[in-house]
Amino acid sequence: MAGPLSATRRTRPTPAQCIAATLFALLVVVAIIVIIWLAVRPGKLRLSVDHAAVRGFNFTSGGALQGTFALVLRAYNPNKRTAVYRSLDVGVWYGGTYLGGAEVPGFRQPPRNETRIVVAAPAAREPLPRDVEREMKKDRSAGRLPLDVHVRGKVWFKYGLVRTRRYKMRASCPLVPVEFASPSSFDRVYCHVHI
């Protein structure tokens, strides 16, 4: 005689069925994570130098550089999200020698927006190596000083009320020409941005 429980008896899944169900669930979770990552992932910010000049360019008797590097940077946010810059450190280099720099206060950049950043970077007070001083004087007499501009900062993106983690941004703008004669035009120098 069969009892009332024998008709509703369920069979247990086999180990192969458990493994298949677990793998399918993991695959679904990974697919959801990839889709969210593709939708939320920030695009690369764009940075360029639109103008560069130097004021009060002179060497002291001790070999230190005097002057201020006047730069105009252009930041473009191609994302659909607001970018928030905590602060930017802008450095001016000649070859591998640091010449001066400045810190730009943080700012918010709306989506798909272009922002001009005016930087006045005073020269560092340390004396330069003699060979660098000689090369810079030679470039000055030629009328053009090739500089490298490096920008570092921290940035995050806002999605409504939610914000992403902080990203370290590094940008290098090679061979930015500084003309000593009054230039009639300046060719924009695009930077290599790494986030």
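User: What counts as a helix or a strand here, and in which order do the elements run?

Analyst: Helices (H or I, at least four residues) and strands (E, at least two) are DSSP runs, numbered from the N terminus. In this protein chain the order from the N terminus is α-β-β-β-β-β-α-β-β-β-β-β. That comes to two helices and ten strands. The model is predicted: local features need pLDDT of at least 70, side-chain atom pairs count only at pLDDT 80 or more, and totals for chains, interfaces and linings use all residues. Residues are numbered from 1 along each chain as its sequence is written, and side-chain values use heavy atoms, with hydrogens and water left out.

User: What radius of gyration does the protein chain have?

Analyst: The radius is taken over C-alpha atoms, and the globule rule is 2.2 Å times the number of residues to the power 0.38. For a compact globule of 195 residues the value would be near 16 Å, but the protein chain has 28 Å. Its C-alpha atoms fill a box of roughly 115 × 35 × 25 Å along the principal axes.

User: How many of the residues count as buried, in percent?

Analyst: Buried means under 20% relative accessible area, exposed over 50%, and partly exposed in between (1.4 Å probe, protein chains only). Of the 195 residues, 37% are buried.

User: What share of the contacts joins residues 24 or more positions apart?

Analyst: A contact means heavy atoms within 4.5 Å. Among contacts with a separation of 6 or more, 67% are between residues 24 or more positions apart.

User: How many salt bridges are there?

Analyst: A salt bridge is a side-chain nitrogen of Lys or Arg within 4 Å of a carboxyl oxygen of Asp or Glu. The count by this rule is seven.

User: Where do D50 and R74 lie, and how far apart are they in the chain?

Analyst: Start with the bridge itself: D50 and R74 meet at 2.4 Å, N to O. The pair links distant parts of the chain, with D50 in strand 1 (residues 46-59) and R74 in strand 2 (residues 65-77), 24 residues apart. Both residues are buried.

User: Which residues form salt bridges with E133?

Analyst: R130 does, with the closest N and O atoms 3.0 Å apart. K137 does too, at 3.1 Å, N to O. R130 and E133 both lie in helix 2 (residues 130-142), three residues apart, about one turn of the helix. K137 and E133 are four residues apart in helix 2, again about one turn.

User: Are E133 and K137 buried or partly exposed?

Analyst: E133 counts as buried because its relative accessibility is 5%. K137 has 43%, so K137 counts as partly exposed.
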